[in-house]
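Let's walk through this model one piece at a time.

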Amino acid sequence: MPTPQSEMSGHNPGADSGARPPLIELRGITKKFGGYTALDGVDLKIGEAEAVGIIGDNGAGKSTLVKVLSGVHRPSSGTMLFRGQKLTLGSPLDARRNGVEMIYQDLALCEDLDVAQNIFLGRELKKNFGPFRVLDRQAMTEAAANDIADMGLDFDVEREVGQLSGGERQMVAVARALQFDPAALLMDEPTAALSAEKIRKLWEMIGRLKQRGVSILLVSHRFTDILNICDRIVVVRAGRIAGEMMPHELPPAQTMAMMTEMMTGDTVGNGAEA
Amino acid sequence: MNVLNSFMNSRIWGRGATALNPGLVLAVVVVFIALSFISPYFLTATNLLNVAKALVIVGIAAVGETLVIIAGGFDLSIGSTMAAAGMLAAYMLDSGFGVAAAFCAAIGLGMSIGATNGVLISYFRINPLIATLAMLAIIRGLAFVISNGREIVITNQTWLNLGTGKLAGIPYIVLILVLVYLAFLLLLPRSTFGRYIYAIGSNARAARLAGISTQRWRLLIYITCGATAALAGLMLAARTGNARPAAAMGFELDVITAVILGGASLKGGRGTLLGTAIGLILLFMINNGLTLAQVPSFWQQVVKGGILLAAVLYDELRRGRVDDG
């Protein structure tokens, strides 16, 4: 069986950047749930402004990996570094404070709150009101309207999220993640509920984010998402990193064949199944 | 029909989770007009003041219950908390403490009961119905055990004055109710406390992932509910002139009916204090109408239960329509 990881070694921009440490580095991260090992000694580097795709079968450990990175799960063992500094994430708020934003598969929005309230949820802007600090509703509404306009969209930020379409909700989740200028944006299956048109718009947006210097970590089942967006692809199988590859250095058919091999552990004949 | 449509769709009712139900306002107007015709006594100042006085006790307790229900919770223990708070204050006055100390201790007891509910529900993840039902029984039982089932007659004039005195013709207890509502109506839209109540009720997981400590906020919400229940208990004792272990028995039904009638959703995330206030007015006008029409009190219970069911059904239908849409 080929060993793609060794084949592709030396192609990790995060590892190759020399003087600058990678934005995020995981060393030997293990996560256990009772007797079940979801992640088993994972090493991963994400460079500045790099888009990394995580792909793997159901139950491979993709979501657990991204939840460790976003502070939802604490690793059972291993080390996490942020710009070369050791980092312990006890909660999603810790991750946010370090510039790591997450867009969850179900978007994690409060449907009864409006767009502006969702964008600023947990980080509300405040102003002085006599001796008190009160919510600055006007500032939040205006800032949210600017965010939505900046994304080339046009909808009322005082509308309840429950009244928006799937695509609009996705954009609210993106706007919320971008509001505080993140260094890294983690996305778990962001295209799962989107139409082809909305997926294209999302890809364009991710391209613009990369240009702004934001690192992207994308978890997806869809090969096309990964191939279109990512500089580097990491394949996860049974809680371990099964291999990595640089999609722009290989023909798409070969990349897909290799991804399939790494995901399943089986050889794919001539890459035809891809 | 155009006038009705304009009324129902007007922007004055607000938007989203804090929107008032125009149908509720319409119902208040219709019941008010109907009762004015049915009974000549209804529209007298004495009767309306009596309705207001009767409404106050339930109204104060309904503030905390509204917050709890918007946050997706439930509190069945408010009636027991009311009785326990009244009895503690009465005991302390009998033992020589001042009225301020007795009131503070009573409110503190309500907050402790609320905190116990909050810890059970938020940290031990016990279903709110079960946790507060158990607290209802425990607190009521303890009130009977400690008092040996005896009531305490209140002799303190300051306390009694709260129940009978007036300022510019308005009873003190009505003023206290108005102050409590004004305080929370100002607080909720302007504070993170208010914002997080709606967020937790709407999607607790999303709130947690946004960095909100849902456990701590839930605890605070139940503590607030305990405090308003205790204040309601003190006002009830002031009105009746005694503190009894059996006081406020069944008040939960009135409180929860008013809150749900006011538009708070049992699924959380929606509701307003103004809605609860209008729900209270509607509920007590109907009660008053039934009394004026000399309907036996047992039948009034049946009607109250029916109103609660109708309000919950309306909430379900409204939610269903939103979900289907």
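Strand S6 and strand S9 (residues 184-188) of chain A run parallel and are joined by four bridges. Helices (H or I, at least four residues) and strands (E, at least two) are DSSP runs numbered from the N terminus, and two strands count as paired if DSSP finds at least two bridges between them. Within this pair, Val100(A) has Ala184(A) in S9(A) as its bridge partner. In general, strands of a sheet pair through backbone hydrogen bonds, either parallel or antiparallel.

Both strands belong to an open sheet of six strands in chain A, ordered S6-S9-S10-S3-S11-S12, with mixed pairing. Strand S6 (100-103) and strand S12 (240-245) of chain A are at the edges with a single partner strand each, so one side of each has no neighbour in the sheet. From one strand to the next, the twist averages 20 degrees. Helix H7 (residues 166-178) of chain A lies across S6 and S9 of chain A, at about 170 degrees to S6(A). Here the axes are lines fitted to C-alpha atoms, for helices over the stretch in contact, and angles run from 0 to 180 degrees between N-to-C directions; contact means heavy atoms within 4.5 Å.

## How the model is read

This is a predicted model, where local features need pLDDT of at least 70 and side-chain atom pairs count only at pLDDT 80 or more, while totals for chains, interfaces and linings use all residues. Residues are numbered from 1 along each chain as its sequence is written, chains are lettered from A and ligands numbered from 1 in the order in which they are written, and side-chain values use heavy atoms, leaving out hydrogens and water.

## The antiparallel sheet

Chain A also has an open sheet of four strands, S2-S1-S4-S5, with antiparallel pairing. Its edge strands are S2 (36-46) and S5 (85-86) of chain A, each pairing on one side only. Helix H3 (residues 62-69) of chain A packs on this sheet, touching S1, S2 and S4 of chain A, and its direction makes about 60 degrees with that of S2(A).

Five bridges link strand S1 (residues 24-33) to the antiparallel strand S4 (residues 77-82) in chain A. Ile24(A) stands opposite Phe82(A) in S4(A).

## Where chains A and B meet

Each side brings a set of residues to the contact: 25 from chain B and 25 from chain A. About 2100 Å² is buried between them, 53% of it from carbon and sulfur atoms; buried area is the accessible area (1.4 Å probe) that two parts lose on being put together, summed over both. Arg190(B), Arg195(B) and Leu209(B) supply 32% of the area that chain B buries against chain A, more than any other three residues.

The interface has three salt bridges (a side-chain nitrogen of Lys or Arg within 4 Å of a carboxyl oxygen of Asp or Glu). Asp112(A) forms a salt bridge with Arg270(B), with the closest N and O atoms 2.9 Å apart. On the side of chain B that touches chain A, H9(B) gives the largest share, six residues.
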